[in-house]
Amino acid sequence: MRYPHSIFALLLVLPACSSTNRMLKAQPVGLSPFFEQPWLAQDAREQLGFQEIWTTPDPQLLAQGKSKRKLFIAPVTLHYLRPLNRAFSSGEVAWGGVQRREVDVAVRLREEFVAAFRHSPTPLYRLVNQPGKDTLTLQLAITELNPTSPKGNAMVTVLKFVVTPVIGLAAYFTKGNMAIEGKVVDSVSGRAFFQFADNESDKLTFINLRDYQPYGHAMNTIRYWALQFEQMTRSPRGWKVKDSGSITLRPN
């Protein structure tokens, strides 16, 4: 597919501008009760990609956690999932144009985290099928899941060609988003020694098939989260883990 030259140039320049990327990135959402001691959460966007993290202040618990090299990834909980809070998403679900698929997304989230460790060239943790006294457990919760608006994006796409490509910025209102929280706990005591939280919305695109799939962008985000987390577990202290961008030129 050939893009208008001016638009291609615009999209090529935008990702290079860190301030633009920060402006377009989804902002943090409120932490749920799943996240323990939220007042101690720290902004980690510049270093780890996740918006907020927490590390236990208990040196003994931290040392115990760091000494274990087996990891059980628990089924994802939907207990803390908030109601839809975006107008286009709520409307399409209410009209029956989009189905709610929280369970499917939760299953996919766990699968991607498992795959990230299994396909890693040098994983820090060896995955196990059940928790034990010598393992850690990764617990994950989906706290927000607003599907993308396919009908809204179809209208925006037509207007891009008929009126002006700048109309594409209206996709801000048709975007979906997904927010998760996670914590690594001692499998025996259940005490957490590390937590993280992040929220991602649909990437800014010119033409992208995911814009017309209610959970297409969410599935892509899930894969990035899994890869980021796995990389973070084996990265040296002070090493920066790259976050996903807010703009994409890929058509799918």
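In which sense do strand 3 and strand 5 pair, and over how many bridges? Strand 3 and strand 5 (residues 135-146) pair in the parallel sense over 4 bridges. Here, two strands count as paired if DSSP finds at least two bridges between them. Helices (H or I, at least four residues) and strands (E, at least two) are DSSP runs, numbered from the N terminus.

Before I continue, a word on the source. This is a predicted model, in which local features need pLDDT of at least 70, side-chain atom pairs count only at pLDDT 80 or more, and totals for chains, interfaces and linings use all residues. Residues are numbered from 1 along each chain as its sequence is written, and side-chain values use heavy atoms, with hydrogens and water left out.

Let me turn to confidence. The pLDDT, the predictor's confidence in each residue from 0 to 100, averages 78 for the protein, and 68% of the residues score at least 70. Strand 3 has the highest mean, 98, while helix 1 (residues 5-13) has the lowest, 39. The pLDDT is below 50 over residues 1-21, a stretch with 18 contacts beyond near neighbours in sequence; contact means heavy atoms within 4.5 Å. Residues 156-171 also fall below 50, with 20 such contacts in the model.

Seven strands form an open sheet with mixed pairing, in the order 1-2-7-6-5-3-4. Strand 1 (42-43) and strand 4 are its edges, each pairing on one side only. Strand 3 (residues 70-73) also pairs in the parallel sense with strand 4 (residues 126-127), over 2 bridges. On that side, Leu 71 has Leu 127 as its bridge partner. Towards strand 5, Ile 73 is bridged to Leu 138, and Phe 72 stands opposite Thr 137.

Two helices meet these strands. Helix 3 (residues 59-67) packs on the sheet, touching strand 2 (52-55), strand 5 and strand 7 (192-201), and its direction makes about 75° with that of strand 7. Helix 5 (residues 102-118) lies across strands 3, 4, 5, 6 (177-186) and 7, running at about 140° to strand 5. Axes are lines fitted to C-alpha atoms, for helices over the stretch in contact, and angles run from 0 to 180 degrees between N-to-C directions.

Finally, helix 7 (residues 216-234). At 1.5 Å a residue, its 19 residues should span 27 Å, the expected span being 1.5 Å times one less than the number of residues. The end C-alpha atoms are 29 Å apart, which agrees. Of the 19 residues, 14 are buried, that is, under 20% relative accessible area with a 1.4 Å probe, protein chains only.

Conventions: Buried means under 20% relative accessible area, exposed over 50%, partly exposed in between (1.4 Å probe, protein chains only).
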